[in-house]
Amino acid sequence: MTEFFEWRDAPRADFAVIGDPVSHSLSPRMHAAALQAMGLSLSYVAVRVPPGEVAPALEHLAGLGYRGANCTVPHKAEALAACRSADPFARRVGAVNTVRLPTLEGTNTDGPGFLDTLGPLGMPRGSRVLVLGAGGSARAVAAALEDAGYRLRLWNRTRERAEALVRELGLSADLSEHPDPSGCRLIVNTTSASLHGSEVSLDWGRVEPDAVAYDLMYGESPTPFLLRAARSGLRTLDGRPLLAAQGARSLEWWLGAQAPRRVLLLSLGCRGDELG
Ligand code: NDP
């Protein structure tokens with residue numbers, strides 16, 4: 001459990017992650033390690049902001065002298081609406097995960113951060129990727145993958161939502177009736193199924209033997225999706241390298257200095273070489 005503050009009781013600090021819930025967030029620990037390694041005496045705290053209160057909470061943090069905030073579930077769309085400006089990628093995917101204060105400029109480091117994590121996996125551009133899910137994170141991941149030249153197959157439990165994602169983002173992804181992994185070098189689980197104790201019913205008999213199974217979720221133990229993938233002999237990756245990559249990019253955007261990616265990874269219990 002991470003110590004956190006209600007937004008009206010937030011202390012003076014430099015950066016925050018805002019979410020609801022936010023007590024599970026590893027961002028304060030990760031950013032503290034990075035800021036220390038950069039030789040900066042800047043602080044980073046966790047702040048709980050209930051849905052519907054993102055705009056006043058960000059104004060309040062700006063008034064306390066905060067220089068930036070990361071926004072996590074469920075606030076990424078609301079953060080976009082609260083920003084005075086946002087970069088084209090954030091506007092296209094409809095989600096801001098990083099806000100610069102007090103100017104209320106928004107960006108999205110999830111998409112580019114996700115691409116950072118593919119480097120060490122040896123995943124050539126043009127490879128086919130199966131994306132499971134059509135929520136907020138799927139929008140950033142799918143847009144980043146297609147922009148980078150990967151070929152997408154998209155499946156979501158609620159098909160209309162997958163159709164809307166493809167239409168709204170202008171993607172040429174194939175929509176799949178079933179989560180079919182055949183021909184895919186990478187299978188990305190962006191669903192929150194594991195959070196609810198359920199599993200996506202992938203046809204594991206059709207996975208490619210050299211495929212990588214990637215779950216955006218992370219926790220104390222591997223998700224059911226990654227456990228199942230490992231039993232099928234696939235290489236697996238959880239969401240910690242993405243957390244580190246998007247965090248590094250947030251720091252670099254706020255501070256204009258190179259973030260210590262290895263330190264961020266090690267603070268999360270990773271090996272340290274997951275971002276190349
Ligand atoms: P959303 O709530 O926006 O989307 C949830 C998605 O999961 C929807 O596509 C939903 O399908 C699907 N889903 C939920 N339950 C089930 C189920 N039982 N079976 C199949 N599909 C299901 O969430 P986000 O996209 O914002 O986040 C998804 C996950 O990714 C979270 O666990 C989050 O923590 C993680 N994440 C990790 C990051 C990192 O840094 N590592 C960054 C961002 C996200 P439907 O449309 O049918 O409801």
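**Stop 1: H6 against H7**

Select Ala138, Arg139, Ala142 and Ala143 in H6; they meet Leu165, Glu168 and Leu169 in H7. Contact here means heavy atoms within 4.5 Å. Helices (H or I, at least four residues) and strands (E, at least two) are DSSP runs, numbered from the N terminus. The residues of this contact of H6 with H7 divide into five nonpolar, no polar and two charged. As classes go, Ala, Val, Leu, Ile, Met, Phe, Trp, Tyr, Cys and Pro count as nonpolar, Asp, Glu, Lys and Arg as charged, and the others, Gly among them, as polar.

A word on the model. This is a predicted model, in which local features need pLDDT of at least 70, side-chain atom pairs count only at pLDDT 80 or more, and totals for chains, interfaces and linings use all residues. Residues are numbered from 1 along each chain as its sequence is written, and side-chain values use heavy atoms, with hydrogens and water left out.

Now show H6 and helix H7 (residues 159-169) whole. They pack at an angle of about 50°, with their axes 11 Å apart. That makes H6 oblique to H7. Axes are lines fitted to C-alpha atoms, for helices over the stretch in contact, and angles run from 0 to 180 degrees between N-to-C directions. Angles under 35 degrees count as roughly parallel, over 145 as roughly antiparallel, 65 to 115 as roughly perpendicular and the rest as oblique. H6 passes H7 in a right-handed crossing. A crossing is left-handed if the near helix is turned anticlockwise from the far one by less than a right angle, and right-handed if clockwise.

**Stop 2: H5 against H6**

H5 passes H6 in a right-handed crossing. Which residues of H5 make the contact? Select Asp110, Gly111, Phe114, Leu115 and Leu118. On H6, pick Ala140, Val141, Ala144 and Leu145. The contact of H5 with H6 has seven nonpolar residues, one polar and one charged.

**Stop 3: H1 against H9**

Select helix H1 (residues 27-37) and H9. Their packing angle is about 55°, and their axes are 11 Å apart. H1 and H9 are therefore oblique to each other. Their crossing is right-handed. From H1, Ser27, Met30, His31, Ala34 and Leu35 meet Leu243, Ala244, Gln246, Gly247, Leu251 and Leu255 of H9. This contact of H1 with H9 has seven nonpolar, four polar and no charged residues.

**Stop 4: a pocket**

Select Leu226, Thr236, Leu237, Asp238 and Arg240. Of the 17 residues lining the second largest pocket, these lie nearest its centre. Helix H8 (224-231), strand E13 (235-237) and helix H9 (240-255) are the elements that give two or more residues to the lining. H8 gives the largest share, three residues. By class, the lining has nine nonpolar, four polar and four charged residues.

**Stop 5: backbone details**

Go to Asp20 and Pro21. A cis peptide bond joins them, with omega about 5°. Pro21 lies in the loop between strand E2 (15-19) and H1.

Next, select Val73 and Pro74. A cis peptide bond joins these two as well, with omega about 0°. Pro74 is in the loop between strand E4 (68-71) and helix H3 (76-82).

Finish at Leu104. What is its phi, positive or negative? Leu104 has a positive phi of about 55°, although it is not a glycine. Look for Leu104 in the loop between strand E6 (98-100) and strand E7 (105-107).

How values were computed. On a 1 Å grid over the protein atoms alone, a cavity is a set of points where a 1.4 Å probe fits but cannot get out, and a pocket is an open set with protein on both sides within 12 Å along at least five of seven lines; lining residues have an atom within 4 Å of a point.
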